Amino acid sequence: MATTSSPVKPAEPTAATWREAIKPYVHPDERRSWAQVLNSLLPYLALWALMLWSLRISYWVTLLLAVPAAGFLVRLFIIFHDYGHGSFFRSRRLNDAVGIVTGLLVFTPYYRWRHDHAVHHATAGDLDRRGIGDVWTLTVDEYLARTPWQRFVYRLYRHPLAMLVI
């Protein structure tokens, strides 16, 4: 007669386990940080220059070059985000200085964004402190108090295509 055994549930990681796992990532690697800045910023600037030059040839060529340029611009915003967290360089002044420069490229004022983003992290998921940088979230009672049109707009806004694509 065969016996079945229940699967053994793995132990939950402890705080010490997590600290050990993230230890290599606690302090920034400045050489890698500069490499990331350069391998994002230089291609973006080169594509920008090519786009200006390509205007003499064809708007279609310029438009084709805009696609990879947009990708590098998104990458620059991601790096800009990390400056705001102070995680790219050991020096806060250096994070701020490079953040200001990349903020100009991504059309986002660095100090204002850094403050608003910190508030977002402090209040995300707290329905009593909604407001800055949040995804619009309603409680069931708030949803039910809306008109049918307002519910439709809310559901449209929360649809995965709207949230992740648009």
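**View 1. Arg151 over the ring of Tyr143.** Arg151 sits over the face of Tyr143, 5.3 Å from the ring centre. A charge counts as over a ring if NZ of Lys or CZ of Arg is within 6 Å of the ring centre and within 35 degrees of the ring normal. The model is predicted: local features need pLDDT of at least 70 and side-chain atom pairs count only at pLDDT 80 or more, while totals for chains, interfaces and linings use all residues. Residues are numbered from 1 along each chain as its sequence is written, and side-chain values use heavy atoms, with hydrogens and water left out.

**View 2. Salt bridges around Asp96.** The structure holds three salt bridges, a salt bridge being a side-chain nitrogen of Lys or Arg within 4 Å of a carboxyl oxygen of Asp or Glu. Asp96 meets Arg92 in one of them, at 3.8 Å from N to O. Both Asp96 and Arg92 belong to helix α4 (residues 92-105), where they are four residues apart, about one turn of the helix. Helices (H or I, at least four residues) and strands (E, at least two) are DSSP runs, numbered from the N terminus. Asp96 is buried at 11% relative accessibility, whereas Arg92 is exposed at 54%. Buried means under 20% relative accessible area, exposed over 50%, and partly exposed in between (1.4 Å probe, protein chains only). Asp96 also forms a salt bridge with Arg114, at 2.8 Å from N to O. This pair links distant parts of the chain, with Asp96 in helix α4 and Arg114 in helix α5, 18 residues apart. Arg114 is buried, at 19% relative accessible area.

View 3. Asp116 lies in helix α5. Its salt bridge with Arg112 has the closest N and O atoms 2.9 Å apart. Arg112 and Asp116 are four residues apart in helix α5, so about one helical turn separates them. Arg112 is exposed, with a relative accessible area of 55%, and Asp116 is buried, at 18%. Elsewhere, salt bridges that share partners join Arg92, Asp96 and Arg114 into one network. The side chains of Asp116 and His115 are joined by a polar contact of 3.2 Å. A polar contact is a pair of N or O atoms within 3.5 Å; within protein, one must be able to donate a hydrogen and the other to accept it, and residues adjacent in sequence count only if both atoms are side-chain atoms.

View 4. Rings of Phe, Tyr and Trp (its six-membered ring) pair if their centres lie within 6.5 Å; planes under 30 degrees apart count as stacked, over 60 as edge-to-face and the rest as tilted. By this rule there are 13 aromatic pairs. Tyr83 and Phe89 are stacked because their ring centres are 6.0 Å apart and their planes at 10 degrees. Tyr83 is buried at 1% relative accessible area, and Phe89 is buried at 1%. Tyr110 and Tyr111 have ring centres 5.3 Å apart and planes at 70 degrees, so this pair is edge-to-face. Tyr110 is buried, at 3% relative accessibility, while Tyr111 is partly exposed, at 45%. Phe77, Phe80, Tyr110, Tyr111 and Trp113 form one aromatic cluster.
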